[in-house]
Amino acid sequence: QWYQRRVRGRIQQLELDTYGIMFAIVTLVSTFLMSLAYKNVKYQLKHRIAQRRHAGVTAEVMQQVADASSDKKKVVKKEKDDRVLFKKTEVADLEATHFSIFYNNALFLFLTIILSFYVLKNFTPGANYLGSSVTSACVVAFMSTGSN
């Protein structure tokens, strides 16, 4: 019967039980390199995003302060500045994180497809998987360390 057959896992034409160790090592190396790339791109973008969002965030926070303080005591300038800085940092951090994940994942996927299907197509499946995954992660990590 079809339900009695053992279902075998395959990734890129490789048996999971045979190449499981290689999958684990490649996954760990790629994950480490991609996390470095996420952090680098996020760090590079955060300050620029904060500068560009300053006017909008300031207007929003000042409106919130005006609404909240209309029936209460006046809010001092230091507290307004602290609220603006906190909100600006929060917005910049969130946007930089989202863009970093999108950019690095798109680049990794593009490189993996190009390497797997075009550059390394004549290699054995194991070498193709290893080369395309690790090389893509290395290129993404390297590109994330560059300056603007």
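Leaving aside neighbours within four places in sequence, which residues is Ser144 in contact with?

1. The model discussed here is predicted. Once neighbours within four places in sequence are set aside, the residues in contact with Ser144 are Leu36, Ala37, Asn40, Val41 and Gln44.

2. Ser144 belongs to helix H3, which covers residues 125-144. The relative accessible area of Ser144 is 2%. Buried means under 20%, so Ser144 counts as buried.

3. The side chain of Ser144 has a polar atom 2.7 Å from the backbone oxygen of Ala141.

4. Turning to the aromatic rings, the count is two pairs. One of them joins Phe23 and Tyr129, with ring centres 5.0 Å apart and planes at 80°. Planes over 60 degrees apart count as edge-to-face, so this label applies to Phe23 and Tyr129.

5. Phe23 is buried at a relative accessible area of 6%, and Tyr129 is buried at 11%.

6. Phe99 and Tyr103 form an aromatic pair with 6.0 Å from centre to centre and 15° between the planes, and this pair is stacked. Both residues, Phe99 and Tyr103, lie in helix H2 (residues 77-119), where they are four residues apart, about one turn of the helix.

Notes:
Residues are numbered from 1 along each chain as its sequence is written. This is a predicted model: local features need pLDDT of at least 70, side-chain atom pairs count only at pLDDT 80 or more; totals for chains, interfaces and linings use all residues. Side-chain values use heavy atoms; hydrogens and water are left out. Helices (H or I, at least four residues) and strands (E, at least two) are DSSP runs, numbered from the N terminus. Buried means under 20% relative accessible area, exposed over 50%, partly exposed in between (1.4 Å probe, protein chains only). A polar contact is a pair of N or O atoms within 3.5 Å; within protein, one must be able to donate a hydrogen and the other to accept it, and residues adjacent in sequence count only if both atoms are side-chain atoms. Contact means heavy atoms within 4.5 Å. Rings of Phe, Tyr and Trp (its six-membered ring) pair if their centres lie within 6.5 Å; planes under 30 degrees apart count as stacked, over 60 as edge-to-face and the rest as tilted.
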